[in-house]
Amino acid sequence: MSDTSNLFHVSSVLNRQSIAQHGLDWTRMGAAPGIAGSRRPEVEGSFVCRGEEEAEFFLEIINNTGGPVDLWSVDGVDEGLLLDNGNGFVYLPGRIPAARVRLVRSDVPPA
């Protein structure tokens, strides 16, 4: 996984169409809203991974919920705005437009 961005987002492929159209917007990711199989978003924002190692960790967690996942590169985020959820993982408490995310890896090819 080689990319110029240092931030990534991992999500179920069920959210691919929403992310491609609206970007990272937790209010629109109804197909699979939370990480690790939760039924609703954990926070009002979007979790991002700081680097490839953390992204690989999330890829494993979400893959263990039984469905294929996508890895998105996230650009143009001021890392000073990221908040810790209390477990050492960070999220941006806001929406990230579609123009600033790019699909970089998937378990399922694009439709």
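## A charge over a ring

Arg95 lies over the face of Trp26, 4.5 Å from the ring centre. A charge sits over a ring if NZ of Lys or CZ of Arg is within 6 Å of the ring centre and within 35 degrees of the ring normal.

## The model and its confidence

This is a predicted model, where local features need pLDDT of at least 70, side-chain atom pairs count only at pLDDT 80 or more, and totals for chains, interfaces and linings use all residues. Residues are numbered from 1 along each chain as its sequence is written, and side-chain values use heavy atoms, with hydrogens and water left out.

The protein has a mean pLDDT of 80 (the predictor's confidence in each residue, from 0 to 100). Of its residues, 77% reach 70 or more. Among the elements, strand S4 (residues 83-84) has the highest mean pLDDT, 93. Helix H2 (residues 52-63) has the lowest, 79. Helices (H or I, at least four residues) and strands (E, at least two) are DSSP runs, numbered from the N terminus.

## Aromatic pairs

Rings of Phe, Tyr and Trp (its six-membered ring) pair if their centres lie within 6.5 Å; planes under 30 degrees apart count as stacked, over 60 as edge-to-face and the rest as tilted. The count comes to 4 aromatic pairs. One of them is tilted: Phe47 and Tyr91, 5.7 Å centre to centre, with 55° between the planes. Phe47 lies in strand S2 (residues 46-50) and Tyr91 in strand S5 (residues 90-92), so this pair ties together parts that are 44 residues apart in sequence. Phe47 is buried, at 8% relative accessibility. Tyr91 is buried too, at 14%. Buried means under 20% relative accessible area, exposed over 50%, and partly exposed in between (1.4 Å probe, protein chains only).

Phe57 and Phe89 form a stacked pair, 5.6 Å centre to centre, with 10° between the planes. Phe57 is in helix H2, while Phe89 is in the loop between S4 and S5, 32 residues apart. Phe57 is partly exposed at 41% relative accessibility. Phe89 is partly exposed at 22%. Ring pairs also bring in Phe58: Phe57, Phe58 and Phe89 are linked into a cluster.

## Strand S1 and its partners

Strand S1 (residues 7-12) is mostly covered, with 6 of its 6 residues buried. Two strands pair if DSSP finds at least two bridges between them. S1 and S2 run antiparallel, joined by 2 bridges. Here Leu7 has Arg50 in S2 as its bridge partner.

S1 also pairs with strand S3 (residues 69-74), in the antiparallel sense, over 6 bridges. In S3, Ser73 stands opposite Phe8.
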